[in-house]
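Welcome, and please take a moment to look over the sequence and the 3D view before reading on. The paragraphs below will walk you through the structure one part at a time.

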Amino acid sequence: MPPTIEGYWNDQRGTKVWRSVFRSGTGSSTLHRALAVQQNVFLHLASVKMRRRSLAFSATWYLGTLTLATFLILTGTGILLMLYYHPSVPQAYADMKDLQFVVSAGIFLRNLHRWSAHAMVFLVFAHMFKVFYRGAYRPPREFNWVIGVVLLLVTLFLSYTGYLLPWDQLAFWAITVGANIMSAVPVLGRKMRFLMLGGNGVNANALLRFYVLHCVILPLAAVVLIAVHFWRIRKDGGLYTGQAETDAGGSPVQVNE
Amino acid sequence: MEPKDTGEVTRRDTLIKIGLGSVAVAGCGAAAFGYQFLSPNVLYEPSPIANVGKPDRFPLDSVTPDLVAGIYVIHAPEGFYALTATCTHLGCLTAWKPDLGIIACPCHGSKFNRHGVKIDGPAPKPLAWLKVWVSDDGDLLVDRSSIVPAEQFVRV
Amino acid sequence: MSDQKPFQAAIESDSRKAPVRVAFVTRRTSPQVKAEAGEYVMTWPEGIFRALVACEALAIVLVAMSLFWDAPLEGLADPMQTPNPAKAPWYFLGLQELLHYFPPVVGGVLIPTLVILALVVIPYFNVNIQAEGLWTRDRLKRIRIFTIVALVLIVFLIFFEVWAVLAPTVLIGLVMLFAARDVNQAGRFRRWLALRPLSFWIMTWFLVTASLLTAIGTFFRGPGWSWVWPWREY
């Protein structure tokens, strides 16, 4: 038995069982580092190499990364909160009280979910403005920008549907106002409101519908769109590095075609 | 990893150890808090203690099933006792057959006598005897979560 | 590429930077042909580690917030009692403020739809792709057009008494005129301002207006959507 922890792990890495799971092996060679990304089902959405320029903080402020991070935090805390939440009236409100006073770490998870949600909406807007001001939406990245706008709408709708779930006064009336705004759409407005709420007012049907939207439909849509969004980054030539913004005469120069 | 010739510890090694150690501590903490979060502190289930009423409700030598509580209250010559009505095989609700004087399980044919002893069928254990006592108001109380040794009677 | 070949050919000759590949790509294909010059680093560990550090910093901030500040929970939902004021979540408060000035069809449907449409089409307009400075060419002509558009907008806003949008519009308009002045003797900032394209000005106007509307809706609106000063007790 080797005397150090490091020695123990090195021995484990040599075993047949380990190598059957992690087939590329570990190491700091370029080959190992390339395989770590390319052979990994989760990571191989990213490219094996990236331009050093894109890693600078001033390039993106890491806003896209942070938005994804908040999404992951929200998914994790959301799933845990779902274990104690019944989407029925008025049980939902009682469950909120339970989470705050009875469930261990319930109040922490609820707070984390709420603040991460606000953070995600803020970060998604910040990301959009940063991409715009850098000019990273220009061809060939136009469609990725459009996907981004759709993701913005999905994020806002996720936040809106989640807002109803505590079933308190804040939730009920905020959603009532929002639904009434939707009914102002000409011709289809009242029908859209009826379909969204599953009824004529914000009641048990609305809560259940918003719950399914918030926990299943919209997260799935978000995951699919995020995957496309990342894939487009690769297909469009990697993260925009904003090279040579102006030529010698001072006028801006189109970089990628 | 280059092999270390001297025994000297580099700053990188120390920082890596601190980093991994913190991750391990955070992981253990998260696991502990996660377990506490997942196990409910409050249960919205009926209390295991069933109040079956005054003892004179039960005539001598009677076996009275209480389906809601899932128990049999039995008034024997030696005194009162209670059996669980849950079959010890796979958890079905048994039935008292007064004509045959036995407790029978519909699922796989286990049969028990009025003392909970198994007479037939695949059940591995006899029906459990439950804790019985008299409350201050004179009611008979049965705690379905407390199993007592067999042949213990409560005299009223 | 002055002779119109139907394809582009690119060969990366530095095999240390990228594997050797030859690509024949017709004009309308999606992958980029020109590999951009620049040093390439391994995504793992450089890219992923930096991303993890950023995520960790965010997680620390969010966890700290969650430990010290509780999310609000008001009383049980009561359909028969509307709280006063009934406010939307903060990212919709700008919209709710707009509803104070315009009817729901305009403020609630028309304007948000136009905003979304405008966002979606940004990358498809040549003026945004070229992104030439607004005041670098045809200065006087553009100043004239700008003045007319700005006056129309300001009259419209005054007519509907939308002071919350009027203030940033006037402010941004003044900055644009300042940027339009002759840059011959100008300092670095004014030169930089003159180079900003039209898309920059429109987006900045939108950002400032939306932020102001949201701030008003959050802090300066009380019962009945009346104006309140947040530092005063009512």
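Helices and strands here are DSSP runs, numbered from the N terminus, where a helix has at least four residues and a strand at least two.

Now step back to see chain A as a whole. Its secondary structure amounts to 12 helices and 1 strand, and along the sequence these follow the pattern α-α-α-β-α-α-α-α-α-α-α-α-α. Chain A is more spread out than a compact globule, because its radius of gyration is 24 Å, well over the 18 Å that the globule rule gives for 257 residues. Along the principal axes, its C-alpha atoms fill a box of roughly 70 × 60 × 25 Å. Of its 257 residues, 36% count as buried. Among the contacts in chain A with a separation of 6 or more, 62% join residues 24 or more positions apart.

How confident is the predictor in chain A? The mean pLDDT is 90, and 93% of the residues reach 70 or more. Confidence is lowest in helix α1 (residues 5–14) of chain A, at a mean of 82, and highest in helix α6 (residues 63–82) of chain A, at 98. Over residues 244–257 of chain A, the pLDDT is below 50, and this stretch has 20 contacts in the model beyond near neighbours in sequence. Where pLDDT is low, the predicted coordinates should not be read in detail.

Helix α10 (residues 169–182) of chain A has 14 residues, which at 1.5 Å a residue should span 20 Å; its end C-alpha atoms are 20 Å apart, so the two agree. Which residues of α10(A) are buried? They are A:L170, A:A171, A:F172, A:W173, A:A174, A:I175, A:G178 and A:I181. Their cover includes α9 (142–164) of chain A, together with α2 (90–101) and α3 (104–121) of chain C.

That brings us to how the chains meet. Of the 2 pairs of chains that touch, chains A and C have the most contacts. No contact joins chain B and chain C, and their closest C-alpha atoms lie 12 Å apart.

For β1(B), the antiparallel pairing with strand β10 (residues 140–148) of chain B runs over 4 bridges, and B:A50 stands opposite B:V142 in β10(B).

Finally, a few backbone details. Most residues other than glycine have a negative phi, and most peptide bonds are trans. The bond from C:N84 to C:P85 is cis, with omega near 5°, and C:P85 is found in the loop between α1 (43–68) and α2 of chain C. A:A105, in the loop between α7 (91–101) and α8 of chain A, has a positive phi near 65°. C:D138, in the loop between α4 (126–130) and α5 (139–159) of chain C, has a positive phi near 45°.

Technical notes:
Residues numbered from 1 in each chain as written. Chains lettered and ligands numbered in written order. Predicted model: local features only at pLDDT ≥ 70, side-chain atom pairs only at ≥ 80, totals over all residues. Rg over C-alpha atoms; globule rule 2.2 N^0.38 Å. Buried ≥ 20, exposed ≤ 12 C-beta atoms within 10 Å, placed from the backbone. Contact = placed C-beta atoms within 7 Å. pLDDT = per-residue confidence, 0-100. Pairing = 2+ DSSP bridges. Expected span 1.5 Å × (residues − 1).
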